[in-house]
Every structure is written in structure tokens, then in C-alpha cells.
Amino acid sequence: MSTVLETPARTAGPTHPPRSWAAVFALARFEARELRMNMSFLALAVLYMIWIVWQTTQSQSDFPILQNVDRGTQMMPVLIGLAVMLNVNRAVLRSRRRDTDRHFDVLVVEPWRRTIAHVLSAVPAALFTAVCVTVQFTWAALKPGAAGHGSPAELAVGPLTVLLFGVLGALFGRLFLSVFAAPILLVLLLFTEAFVAPPSGSNWVNWLYPVVSESGSDSFPSDLLSRPAAWHALYLIGLALSVALLAVLVSGGRSTVVKVAVAGSLALTLVGVAGQSGGTPPGSTPARERASVTPEEIRKCVEHGRSSYCAFPEWTGRTTDWAAVVDRVQNLAGGRAGGERLTVDQRLDARYGLESDSTLSPSTEPGHVTVRTDWGGNRVPEFAVAVASVLVAGDEKAGSEVCDARVVTVMWLALGGDSDPISALRNVRLDDSDKGAAIVLSPTEPFSMSAEQTRIVVELLKKPRYDVAGKVKAKWTELTSPRTSMARVAEILGVPAAGKTTDGDSCDR
């Protein structure tokens, strides 16, 4: 007879379900989907994409400077970041608003793990911003008129700003239990940015803000920017990690690993702060001085037709566009001016930093014309005015002082060959008008147009180009003489004079 031995079953004690990170990632995907479908975020995302399309299709954007384009990608993501912050904050406080906090006690995912999920839910929004930034920059870089070089660190600022605001929303949700706390803090942040922020410039406090915008009258070559972009990106990475880990810490995740990670992220943030607070690097000041005072040591000169074009290395591809304007203006001139050899010099004043708004002194060298680093839009007729004034007066200094009847010849030469000369006239005048007296802009010093000069120029621009061009070439010597009266200029060009007025006959008025 066999004996069957039965092993008594062991009594199982209380068990806990495994703490799987899969639940955290599942919650993060759910919250990211909820954020993506939120109307405020959707509206801003659509607005952002429309803005990119509009910005990159404008005519003045046909000649982008890439070291400006990368900084131009940083402001719109701030709005996306603010929407992400508010929505992440509302998601963190959802259980409190709906009185379901007590039900979480029986779930696998502890509060600090749920905080990690909320932090991760902001990552897709940051990736969406990165895609938009990449599209915006690439679109500009592929344009035939693009010049310069972009910075990956500058391009990273937009996505990092969105991520920073998203993790701030999670931290605010853990620190403040009211749903109104985040909007109030948002208003305080905006108030601080608008009214309490220190003056722009090299102040190191400016670099504590996510976006530091610096722009002036001239676009600098990329090697003269001297912005601590890489240090600033490192600072934003460290700050976003610090805020995210602090949110986990206050949610109960007080393990040694979290504490060490908080210390490491704070150290990373401080390294970024120290790196970006150094101001303008010592080697940049002499380089900026050289580019401003002796640019001929840096510029490269190329020949187009009968004229020479000297540009900074990143702008040599743009000399063809300058040459087209010079040829257009010079083809309308008469006498020796029609075949004169000109030298177009690209100039800038970089001595006072990126935010300087200085006026360049006109050149006194015969036949030399100044062109600045920006191009497209109003800069084209302004350059045409500079070319015409040199052809009429001999040099830029004399051209900027012309205020007699020769202004009519200068303005018709500059604008007569334009496809839309009346619009070009408005664009080149400070008040955007085509009537009355006004200041005319140029790459160097502006000059003035009287009401009578404006009237005659408008009448000429309405006439067929070939008709006026023949009269200008036939009477070139008389039209470019400072002794010729306004009435005589009007008579030569076939425009009725305004009675007996002497307006515009001389500079003594």
C-alpha cells in the first residue's frame, strides 16, 4: 500500500503589485494626449504654424541672415510654453478638483511617480516646438538669398523654454493646491519680464530669462555675435531638470537617487549661469573694432560688370543682387556717370554691441557707395538712393548734403527703374508718404525732400520710363548742376512748374 505524502501549501502573506514604470509611461502618454487635444494649446499650435508660414513668405524675408533667424525662433515658443504650463498645472490638480485624491492610495503609481508622468507629458510639446523651429530655420536657410550661419544652441532655446514652462506647471501643482496659483504666478512672471527686468544689454541678469533678444540697426557677422548661446542652453537644461526633480522631491520621491540628481542638476544650472555671465569675450572687442574701422582687412571684393563689390565673407553671395540695383540705376544716368566705375563697400559699426543703433558716416571717397548688412524690403530703394546720389554728386558726403533741384534727378534715378516706383518712393521716405516734404533714408545719413521736389518726382515716376530717360541723358550736365533752378528742371523733364515758387532752388531755405 502506497502512502501519498502531501506537502502543505504555504500561506501567502500580503503581496504588493510590482511598481512597473509601464504605468508611469502610460499615464504620461494619456496626459500628453489630453494636453494635445486641449483647445488653448491647439489654437496656439495652429497660430504658431500660420505665423511661421507668414513669416517665411514675406518679401523682406527673401534675404534672411541665419544668425538672426535662429534667434527669431525663440519668442513664439514662449506662448506655447505658457499654454503648456497652465495645462500641466491643471492636470496635476485634476484629482483635487474632482475629489479623487483618496482613490490614488490604492493604485500602483505613487504621487511622485505620477509627478514624473506629468513632467514627461510636456516632452511631446517640446518636440513639436523643435520640429517647428527646424522647419522655420530650414525654410530660411534654403532661400537663395540666405547669408550667414545659424547656431544649434540658439535653435534649442525655443524647445527648452517649452519644456521648462511645462515642468514649472508640474512643480506649481505640487506646491500650491489652488488652480488659480499658476495663472497668478504667470501674471507675476509677465509683469517681471515687462517692468522689473533690468535694461537690455550685457547685464548678466538678462541671461537668467529663458529668451534674451538682442537686435540693433545692423546684423553682425556670425563670428562677431559673441553671445553665450551654448552656456545659455546648458543653463536651461539644468534649470528644467532642477525644476522637474524638485517637483518629484516635494511629491514624496525623497530617495537618495533623487536627492543626488537634484544636487547634480543644480550644479549644472550654476555652471550654465557662470558661463553665460562672463559678458563679451575679450577677443570679440578687437574683432568688432577691426570690422568697424578697417573692414577692408576682412572684406572680400568681387567684380560684377564695371564695378567692384566688397562684402564680408558671409555676404559675398549677395553681391549679385547689389550689382543688379547698381546697373539699373546707372543705366538711367547720362554723361560719364553712365559708365563710371563704382565701388560698393559693405559697412557696419559693431563697436557698441548688438543693440547699437548707430548711423554710418557717409564716405568721402569718389565713387564709393555704402551698403549695410541687411537687404530686401526697404533696404533696396535706400541703397538705390545712395547709388544715385553718388552718381549725381560724386561721393556720399556730397550726396547727403544735396538739397537743391538735384534731388529730383537723384530720386528719379533711384526709383525710375523700379517695378513699382511710387511704392518704392513711399518706402524710402521716413513718413511713408508720396506728398509733401519728408526725410529720405539711405544707408548712411538721410537727406530731405521739399514738397515741390516730391511733386515733380511723383509726376516723373508716372511717366513712361523711356521718355524721361532720354531727357535725363540729353540734359545730364544741366540736371546735375547745383545752379539749375527747380523751374528749369521741371521744364527740362516736361513737368509743369508750380507757379513762381522757388521751393527747392537752393539749400538756403
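D349 is buried in this predicted model, with a relative accessible area of 8%. The residue belongs to the loop between β3 (343-346) and β4 (368-371), and its side chain makes a polar contact with the side chain of R351 at 3.0 Å.

**Surroundings of D349**
- The value of 8% places D349 in the buried class because that class covers relative accessible areas under 20%.
- Once neighbours within four places in sequence are set aside, D349 is in contact with D218, F220, S292, S356, S358 and L360.
- The polar partner of the D349 side chain is the side chain of R351, at 3.0 Å.

**Aromatic residues**
- Five aromatic pairs are found when the whole structure is searched.
- One of these is formed by F172 and F176, whose ring centres are 6.3 Å apart and whose planes make an angle of 55°, a tilted arrangement.
- F41, Y48 and F128 are linked into a cluster by ring pairs.
- At W21, the ring has the charged end of R113 over it, 4.5 Å from the ring centre.

**W51 in helix α2**
- W51 is located in helix α2, which spans residues 39-57.
- With a relative accessibility of 22%, W51 counts as partly exposed.
- Leaving out residues up to four places away in sequence, W51 touches G72, M76 and Q136.
- For W51 and M76, the separation is 25 residues in sequence and 8.8 Å between C-alpha atoms.

**Largest pocket**
- The volume of the largest pocket is about 970 Å³.
- Its lining comprises 39 residues, and those nearest the centre of the pocket are Q55, Q60, S61, I65 and N68.
- Helices α2 (39-57), α3 (66-72), α7 (123-141) and α14 each contribute at least two lining residues to the largest pocket.
- Helix α3 provides the largest share of this lining, with four residues.

**Cavities**
- Two cavities of 30 Å³ or more are present in the structure.
- The largest cavity has a volume of about 60 Å³.
- The residues lining the largest cavity are V385, A386, S389, E396, G399, S400, S442, T444, E445 and F447.
- Helices α14 (379-393) and α15 (396-400) each supply at least two residues of that lining.

**Loop residues with positive phi**
- S226 is not a glycine, yet its phi is positive, at about 60°.
- S226 is placed in the loop between α9 (181-196) and α10 (229-250).
- D432, likewise a residue other than glycine, has a positive phi near 55°.
- The loop that holds D432 runs between α17 (421-428) and β5 (438-440).

Key
Residues are numbered from 1 along each chain as its sequence is written. This is a predicted model: local features need pLDDT of at least 70, side-chain atom pairs count only at pLDDT 80 or more; totals for chains, interfaces and linings use all residues. Side-chain values use heavy atoms; hydrogens and water are left out. Rings of Phe, Tyr and Trp (its six-membered ring) pair if their centres lie within 6.5 Å; planes under 30 degrees apart count as stacked, over 60 as edge-to-face and the rest as tilted. A charge sits over a ring if NZ of Lys or CZ of Arg is within 6 Å of the ring centre and within 35 degrees of the ring normal. Buried means under 20% relative accessible area, exposed over 50%, partly exposed in between (1.4 Å probe, protein chains only). A polar contact is a pair of N or O atoms within 3.5 Å; within protein, one must be able to donate a hydrogen and the other to accept it, and residues adjacent in sequence count only if both atoms are side-chain atoms. Contact means heavy atoms within 4.5 Å. On a 1 Å grid over the protein atoms alone, a cavity is a set of points where a 1.4 Å probe fits but cannot get out, and a pocket is an open set with protein on both sides within 12 Å along at least five of seven lines; lining residues have an atom within 4 Å of a point. Grid points are joined across faces, edges and corners, and a volume is the space filled by probe spheres set on the points.
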